[in-house]
Amino acid sequence: MKKPALFLLASLVAACASTPTVSTDSDPQGEFARYRTFRWIQPPQDVSPLLRQRIVEGVNSQLVARGWSESADADVAIAAHVATQQRQDVDTFYNGPAYAGWGWRGPWAVGTVGTSVRTYEVGTLVVDLFDTRTRQAVWRGTAKGTIPSSQERLNEGVHAGIVEMFRQLPAGR
């Protein structure tokens with residue numbers, strides 16, 4: 001397999017890896033056993049209304065599945081943020097030896113050199129939970145991944161990130 005074809009294959013495999021990387025952090029003093037209700041104080045901004053709706057519904061469904069319910073007088077307040085950033089991968093490939101010897105004019109090379117630049121966008125979803133009684137942060141979930149060009153794959157990635165985030169939410173002690 002020629003090196004340009006190998007690079008193209010590697011790029012396609014990297015583009016298909018849309019599963020977000022998830023991390024969470026929680027306050028060890030958080031009273032997760034007493035939390036049963038939630039309310040939104042800040043849904044994600046600067047995203048499409050449909051994506052905002054999907055994020056809110058995804059978070060709500062994860063909390064409801066844990067036995068929580070939405071309430072104006074809630075135990076936990078939720079804030080979510082979305083950030084995006086452009087990144088670039090620069091790959092250089094050689095077809096033939098890069099260095100072939102030393103001549104009277106210095107080193108010489110045989111073969112061709114090619115460089116490919118791939119620009120892509122990385123998105124991060126951050127969900128924070130605050131204890132409404134103490135007004136302190138008690139939990140943060142973060143999902144980060146490459147934003148796919150397909151809306152369907154974006155929705156799948158957001159859903160997968162939210163599910164994994166809340167899988168790591170501490171249970172009541």
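Keep in mind that the structure shown here is a predicted model.

**Around Phe-166**

What does Phe-166 touch, leaving out residues up to four places away in sequence? Its contacts are Val-59, Gln-62, Leu-63, Arg-66, Val-127 and Trp-139. With Trp-139, Phe-166 forms a tilted aromatic pair, the ring centres being 4.9 Å apart and the planes at 40°. Trp-139 belongs to strand E8 (residues 136-146) and Phe-166 to helix H3 (residues 151-167), so their pairing ties together parts that lie 27 residues apart in sequence. Trp-139 is also at 2% relative accessibility and therefore counts as buried.

**The nonpolar core**

Both of these residues turn up again in the largest nonpolar core, which has 27 residues. Which members touch the most others? They are Val-59, Val-127, Trp-139 and Phe-166. At least two residues of this core come from each of strand E2 (37-42), helix H2, strand E4 (76-95), strand E7 (112-131), strand E8 and helix H3.

**Aromatic pairs**

How many aromatic pairs are there? The count comes to three. Two of them are set out here.

| Pair | Centre to centre | Angle between planes | Type |
|---|---|---|---|
| Phe-32 and Tyr-35 | 5.4 Å | 80° | edge-to-face |
| Trp-139 and Phe-166 | 4.9 Å | 40° | tilted |

The planes of Phe-32 and Tyr-35 stand at 80°, so the pair is edge-to-face. Phe-32 and Tyr-35 are both buried. Ring pairs also bring in Trp-68, giving a cluster of Phe-32, Tyr-35 and Trp-68.

**A look at Asn-60**

Now to helix H2, which spans residues 49-65 and contains Asn-60. Is Asn-60 buried or exposed? Its relative accessibility is 15%, and because buried means under 20%, Asn-60 counts as buried. Setting aside neighbours within four places in sequence, Asn-60 is in contact with Phe-38, Trp-40 and Glu-70.

**How confident is the prediction?**

For the chain, the mean pLDDT is 83, and 79% of the residues reach 70 or more. Residues 1-17 are a stretch to read with that score in view: pLDDT stays under 50 there. For these residues, the model has 11 contacts beyond four places in sequence.

Notes. Residues are numbered from 1 along each chain as its sequence is written. This is a predicted model: local features need pLDDT of at least 70, side-chain atom pairs count only at pLDDT 80 or more; totals for chains, interfaces and linings use all residues. Side-chain values use heavy atoms; hydrogens and water are left out. Helices (H or I, at least four residues) and strands (E, at least two) are DSSP runs, numbered from the N terminus. Buried means under 20% relative accessible area, exposed over 50%, partly exposed in between (1.4 Å probe, protein chains only). Contact means heavy atoms within 4.5 Å. Rings of Phe, Tyr and Trp (its six-membered ring) pair if their centres lie within 6.5 Å; planes under 30 degrees apart count as stacked, over 60 as edge-to-face and the rest as tilted. pLDDT is the predictor's confidence in each residue, from 0 to 100. A nonpolar core is a set of buried Ala, Val, Leu, Ile, Met, Phe, Trp, Tyr and Cys residues joined through side-chain atoms within 4.5 Å.
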